[in-house]
Amino acid sequence: MSSQPAEPEECLRSLTAEALRVARPGHPLLAQSLGVMATANAFVMLGLVAEQRAEQILAGHRAALEAKGITALWGVSQGELTVRPGAHGYWTARVAGADETGEVPLRVLPAGVRLPVTLADQQSEISIDWLKLTRTGWRMTVRTTAVAIPSADETPRAAPARQPIAAHSTGLLAQLSVTDDAGRGYELTGAAGLSRSGPGRYEWHGEAVARPDVAGDAGIAGSIPQWLEFSSAAGGDPRRVPVTPTTDIPTGVAEPRWPAPAEAFVETLAKVSGFTLNGNELTPEQTARIAATVADCLMSVGALPASSRLLREPPEPPSHGPAWQAELARRWERRIHRRDTQFRPSEHSGLVAELPLKHATAVIESVSAHGELAGIRLYGHPWVRGEYWPMITPCFSVHATGDDGAGYQGMPGNWRGSGSHEGVGEFWFWPPVPRSCQRLRVTVSTLWEAAWADINLPGRTE
């Protein structure tokens, strides 16, 4: 083996040539194809190969396989040869910077507004939990109590149900009105999704945007109101939410979790043990082989140091710990999604803590603490996500240290992205944060850099 690192494009072509040699008509190619795709995705994500060049190499590999008589094998279920999804568009967004972003939070408020509404001719209640001011308007999270849906809506994903579901969603927003202290009214747009909450019963949840209904009003971010008032055509008293000023959050630059970006990438990639993709099962041995292929290629091009402690030290729990720890973390995560749905403003704080990163934008929008469950909501750019393993895109990771000296891992939860590579995601901390812990130093990392913010947990400090 040469002592000089290989060129990344040369390494990727060598990998496709190896895959071509072992490919035979009539034999599954999923694991082999995913290994090639995952390596191409890693090279693109780490900036070693331009996305366009990676796609050209993968397209050439697909043509060579078809010429060998291997046809009708393409599509995600068999392992399509592309870096889409995955790191698609990441470097374009990273180089462009945040000039075109419109969803950077300016104010974040726990609202806790509940108003009566009528849905599907039944009485319900809408909850507006969060308000977030961006340059495009006031964004609000909305959800309703469950109602019984007529038989035409029984299957939310069925085509015949889409039109009545959309009508219910539109009618939901039409019942609400929003005004502010300056006497301005706001136009509500957006939609809510439908989720099953029991046999024949569904609830709506999603996001709406409130913009001043005065034509040409550009002062939504420049003239921030003192309060917003919400009312419903279905009755009930109006609810007013004060727009409080942001507070100064101590922040600073931190050392990245790993010296080399490729180490952080491989750590995330290797956390999967066994995988199912559209009904096709990959064994733990196959997923390990895919991770090893990526790590080997990153080592061969000099991106992953042979001296890395990642290659020598035992992995950290819970993702790689003993089986009972991993299962315990999964059970805790399921409990999070089943927890009490009542929104208590005292358990949430809006922050807007912008972190001092040079090549990315990261803003901790809010922090929540419900019992021993603590977490944050993070805005980030550029932020893209692969739809399936191994097309991972670890744009942001979260860790924290409590005032008790204990360390906590930020476990990703709900996430929402956009075509402009802006994303908002929730991270809950594992292990559970004891009630005696009052303050966290939260560190947000990219593959290249990291920054921290000192955050008080709501309801735990005077």
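The model is predicted, and local features were taken only at pLDDT of at least 70, side-chain atom pairs only at pLDDT 80 or more, while totals for chains, interfaces and linings use all residues. Residues are numbered from 1 along each chain as its sequence is written, and side-chain values use heavy atoms, with hydrogens and water left out.

Of its 462 residues, 46% count as buried, where buried means under 20% relative accessible area, exposed over 50% and partly exposed in between, with a 1.4 Å probe and protein chains only. Contacts are defined by heavy atoms within 4.5 Å. Among contacts between residues at least 6 apart in sequence, 67% join residues at least 24 apart.

Helix 1 (residues 8-22) and helix 2 (residues 30-45) pack at an angle of about 175°, and their axes are 10 Å apart. Axes are lines fitted to C-alpha atoms, for helices over the stretch in contact, and angles between N-to-C directions run from 0 to 180 degrees. The two helices are therefore roughly antiparallel, the term for angles over 145 degrees, whereas angles under 35 count as roughly parallel, 65 to 115 as roughly perpendicular and the rest as oblique. Helix 1 contributes Pro8, Cys11, Leu12, Leu15, Thr16, Ala19 and Val22 to the contact, and helix 2 contributes Gln32, Gly35, Val36, Thr39, Ala40 and Phe43. By class, this contact has 9 nonpolar, 4 polar and no charged residues; Ala, Val, Leu, Ile, Met, Phe, Trp, Tyr, Cys and Pro count as nonpolar, Asp, Glu, Lys and Arg as charged, and the others, Gly among them, as polar.

Helix 2 also takes part in the surroundings of helix 6 (residues 261-269). The buried residues are Ala262, Glu263, Ala264, Phe265, Val266, Glu267 and Leu269, and they pack against helix 2 and helix 7 (284-300).

Strand 16 (residues 397-402) has two partners, considered here in turn. Strands are said to pair if DSSP finds at least two bridges between them. Strand 16 is joined to strand 19 (residues 439-445) by 6 bridges in an antiparallel arrangement, and Thr401 has Arg441 of strand 19 as its bridge partner. With strand 17 (residues 407-417), strand 16 pairs in the antiparallel sense over 3 bridges; here His399 is partnered by Gln409. Strands 16 and 17 form a hairpin with 4 residues between them, and Gly405 in the turn has a positive phi of about 85°. The covered face of strand 16 comprises Val398, Ala400 and Gly402, and the uncovered face Ser397, His399 and Thr401.

Aromatic rings of Phe, Tyr and Trp (its six-membered ring) pair if their centres lie within 6.5 Å, with planes under 30 degrees apart counted as stacked, over 60 as edge-to-face and the rest as tilted. The count comes to 9 aromatic pairs. The ring centres of Trp383 and Phe427 are 6.3 Å apart and their planes lie at 15°, so this pair is stacked. The pair links distant parts of the chain, 44 residues apart: Trp383 lies in the loop between strand 15 (373-381) and strand 16, and Phe427 in strand 18 (residues 423-430). Trp383 is buried at a relative accessible area of 3%, and Phe427 is likewise buried, at 5%. Ring pairs link Trp383, Phe396, Trp415 and Phe427 into a cluster.

Most residues other than glycine have a negative phi, and most peptide bonds are trans. One runs from Arg84 to Pro85, with omega near -10°, and Pro85 is in the loop between helix 3 (51-67) and helix 4 (90-96). Another joins His381 and Pro382, with omega about -5°; Pro382 lies in the loop between strand 15 and strand 16. Positive phi values occur at Val352, near 55°, in strand 13 (residues 348-354), and at His421, near 65°, in the loop between strand 17 and strand 18. His421 counts as buried, at 18% relative accessibility.
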